[in-house]
Amino acid sequence: MAADDATALAGLLAVPFQDATRWVEEAAADSADRYAMRILYRALDRHRGDCEAVGRRMIAARRDRAEPPLGCSAGDAARFVLGSQFHGYGLRYTHAPALAGLCALGTPVMLERLRIVPGRGRTLGGRLLPGLREGFADLDRIGRVSAFNRGAAAYAERCRRFADREAASVDRSWRDAPVTRRQRWTILDTTDGLGIELPDCQTCGEAADWLSAHGAILKYRKGKR
């Protein structure tokens, strides 16, 4: 999901709970994906017009809209904009692991927990925070494990694609390009984890060689969360 989906996400969270539930159940019926957040995104895509119509009204009426910090990456900006859609329902960054844990339980379990929350909020968004309160510590733990596993899988896939590209191409011009932002942050994390000094890498190639030689990304290679 990208930053451009923020309006539709705001609408999905704000539609009546019965409508959102029906859309999500329909999206889950023809998908083998267990992670409920991805099913929510499928439902959003299927009903984008309705979601965006509601979302535009919600965003126009909202007074606490925030812009991404200056200088942040496109990926961080997208996460900021999408995450801010949950803010109006009382969720904060401290709830993110537990929300991921709720989604990791699977779509049927998530929807059932939301159906029986005390107070029975009118919207999908209004039921999320109450739905996290029972067993919050367990949901938080499950969510952290789920996030780590998804990150490790994505990292392994990036490594595989990179290796395949390298094997199929004789073009090595990328090695002369300046070090990327992602490489710099990964180098910083790696030197911090190993307790060593920062290297003087000037190009993508030098950074890639250094990171490979020092086992980055450490937490995924060591399997430690």
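The model is predicted, with local features requiring pLDDT of at least 70 and side-chain atom pairs counted only at pLDDT 80 or more, whereas totals for chains, interfaces and linings use all residues. Residues are numbered from 1 along each chain as its sequence is written, and side-chain values use heavy atoms, with hydrogens and water left out.

The secondary structure of the protein consists of 12 helices and 0 strands, where helices (H or I, at least four residues) and strands (E, at least two) are taken as DSSP runs and numbered from the N terminus. Read from the N terminus, the elements accordingly follow the order α-α-α-α-α-α-α-α-α-α-α-α. Of the 225 residues in the protein, 38% are buried, a term that denotes under 20% relative accessible area, with exposed meaning over 50% and partly exposed the range in between (1.4 Å probe, protein chains only). Among the contacts in the protein with a separation of 6 or more, 70% are accounted for by residues 24 or more positions apart, contact being defined as heavy atoms within 4.5 Å.

Helix 7, which spans residues 107-115, contributes the buried residues Thr107, Met110, Leu111 and Leu114. These residues lie on the same side of helix 7, because they cover an arc of only 95° around the axis, the arc being that of the directions from the helix axis to the C-beta atoms. An α-helix has 3.6 residues a turn, so residues three or four places apart point the same way. The cover over the buried residues of helix 7 includes helix 2 (17-29), helix 3 (36-46), helix 6 (96-104) and helix 8 (124-133).

Two packed helices are described by the angle between their axes and the distance between the axes. For helix 2 and helix 7, the packing angle is about 170° and the axes are 11 Å apart, where axes are lines fitted to C-alpha atoms, for helices over the stretch in contact, and angles run from 0 to 180 degrees between N-to-C directions. Helix 2 and helix 7 are therefore roughly antiparallel to each other, given that angles under 35 degrees count as roughly parallel, over 145 as roughly antiparallel, 65 to 115 as roughly perpendicular and the rest as oblique. On the side of helix 2 the contact is made by Phe17, Thr21, Val24, Glu25 and Ala28, and on the side of helix 7 by Thr107, Leu111, Leu114 and Arg115. Divided by class, this contact of helix 2 with helix 7 comprises 5 nonpolar, 2 polar and 2 charged residues, with Ala, Val, Leu, Ile, Met, Phe, Trp, Tyr, Cys and Pro counted as nonpolar, Asp, Glu, Lys and Arg as charged, and the others, Gly among them, as polar.

The packing of helix 7 with helix 8 has an angle of about 90°, with the axes 9 Å apart, and helix 7 is therefore roughly perpendicular to helix 8. In this case Arg113, Leu114 and Arg115 of helix 7 meet Leu124, Arg127, Leu128 and Gly131 of helix 8, and the residues of the contact divide into 3 nonpolar, 1 polar and 3 charged.

Gln183 is buried at a relative accessible area of 12% and, not counting residues up to four places away in sequence, touches Cys204, Ala207, Ala208 and Leu211. Thr186, likewise found in helix 10, is buried with a relative accessible area of 15%. With residues up to four places away in sequence again not counted, Thr186 touches Leu211, Ala216 and Ile217, while its C-alpha atom is separated by 9.6 Å from that of Ala207, 21 residues apart along the chain.

His214 occupies the loop between helix 11 (204-213) and helix 12 (218-222) and is partly exposed, at 28% relative accessibility. Not counting residues up to four places away in sequence, His214 touches Thr190, Leu194 and Ile196; the C-alpha atoms of His214 and Thr190, 24 residues apart along the chain, are separated by 7.6 Å.

Cys201 is buried at a relative accessible area of 11%, and Cys204 is buried at 8% relative accessibility. The structure holds 0 disulfides, a disulfide being a pair of cysteine sulfur atoms within 2.5 Å.

In helix 9 (residues 136-168), Asp140 counts as buried at 15% relative accessibility, and its contacts, not counting residues up to four places away in sequence, are with Thr94, Pro97 and Ala98.
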